[in-house]
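I opened this notebook page to record how parts of one protein chain meet. My entries follow the order in which I looked things up.

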Amino acid sequence: MLSQEVRDLVKATAPVLKVHGETLTCHFYARMFRHNPELKQVFNQGHQDGGQQQQALAAAVAAYAEHIDDPSVLMPVVTRIVHKHVSLGIRPEHYAIVGKHLLASIREVLGEEAATDELIAAWAAAYGQLADLLIAEEAKLYAESAGKDGGWTGWRGFRVDSKVPESAEITSFYLVPADGGPVPDYLPGQYISLRVYVPQLGIMQPRQYSLSDAPGKGRLRISVKREDGTDNTPAGSVSNVLHANVKEGDVVDLAPPQGEFTLNDKGAAPVVLLSGGVGLTPMVSMLNHLVARDDGRQIRFVHACRDRSVHAMKSHVNDIANSRPNVRKVVYYETVSPDDQQGQDYDYAGRMNLEAIRDVAVLPDADYYLCGPLPFMSAQRQALTSLGVAPERIHAELFGTGGPGA
């Protein structure tokens, strides 16, 4: 239990961290990788280069300082962090390394006058409390993963059994254990971490990818979008290695399934699945799971993508919607070509508009699941709440530092 003096000292730094937190976290990561370069293989270097990881950590540190009197309000964020840490193989011994560089960075960035010995001691105690909480929660997930039939912790080799193009950008990888052992069960919506060697970086790199099929099939499937570079963003290093270099029969490293964005499998509430682009991958997992168990509840699959060339798993979803009276699908194409058939390839032109399809997509007492780029997520969440959907009915998975990425 932290003393009131410690809590007051930490809380007093919250305003400074909100303004200068990113400067601190940039310094922290640079310092840590300089002294502990082996940790570059643990962290997503794409997020480092793009600044997303520094921004996410800065926000987390500021939030922890602000809510130091009652950290329980941060538990949803803590839960997400814990799942990601376990998926990356973060262990208790890593916390000492992170803590050393974080405290040193606070002193080096704020300066000796502001970062007094008392403040550094207070932050050391606060960090210790947070580390103990994360370590305890992660230990539960590690034990759960290891205790499952076919479960494991750390990295395990999986062979690429088949590699199937789904669109111009997305390819599915069917993965089976290289050791011949069983595959553990998982929850629809969860992701795995995959690790491959990236030649241009000279190191192994992990990425999280949503599982894109129902559990219980004796293998895992991920469907990966190839991230091409633009004038503002570099190409996705891992996704391009997977698309260009990894072949059928090759072995890649996987960590066990994790993630708190999962289908509510209890009750009879309708399910509305809303996705943008490659965000359809966990939605297909949920859809396939509901179909496999012959679930009779009302299901809506609403998807938006740029055009037909990038529309993944179209035939699969169409077949389900055509054969299941309780399933209806709606597809938006941002750009429609003369060859596109309305009702078969797409249903509406333009960006997803829930107000226009509220009779189909907004159901009483439904659970809503969202996945896609941040602007898409923000727009659909706002649309749902304006249509009267209670916030607790909206469940979201963000691609990026908090969830599956490329």
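The entries below concern a predicted model and go from its domains to one interface.

Entry 1, domains. I looked up the domain assignment of the protein chain first. The assignment lists domain 1 at 4-147, domain 2 at 156-258 and domain 3 at 271-397. I then turned to domain 2 and domain 3, whose centres, taken over C-alpha atoms, lie 24 Å apart. To their contact, domain 2 contributes 19 residues and domain 3 contributes 15 residues.

Entry 2, buried area. I asked how much area domain 2 and domain 3 bury between them. The computed value is about 1,400 Å², and carbon and sulfur atoms account for 61% of it.

I next looked up the charged pairs. Between domain 2 and domain 3 I noted a count of one salt bridge. I also recorded a salt bridge between Glu-169 and Arg-306, in which the closest N and O atoms are 2.8 Å apart. For polar contacts across the interface of domain 2 and domain 3, I noted four residue pairs, with both residues at pLDDT 80 or more.

The largest share, three residues, comes from β5. By residue class, I recorded eight nonpolar, six polar and five charged residues on this side of domain 2.

Key:
Residues numbered from 1 in each chain as written. Predicted model: local features only at pLDDT ≥ 70, side-chain atom pairs only at ≥ 80, totals over all residues. Heavy atoms only, no water. Domains from an automatic or database assignment. Contact = heavy atoms within 4.5 Å. Buried area = accessible area lost by both parts, 1.4 Å probe. Salt bridge = Lys/Arg side-chain N within 4 Å of Asp/Glu carboxyl O. Polar contact = N/O pair within 3.5 Å; in protein donor to acceptor, adjacent residues only side chain to side chain. Helix = DSSP H or I, 4+ residues; strand = E, 2+ residues; numbered from the N terminus. Nonpolar A, V, L, I, M, F, W, Y, C, P; charged D, E, K, R; others polar.
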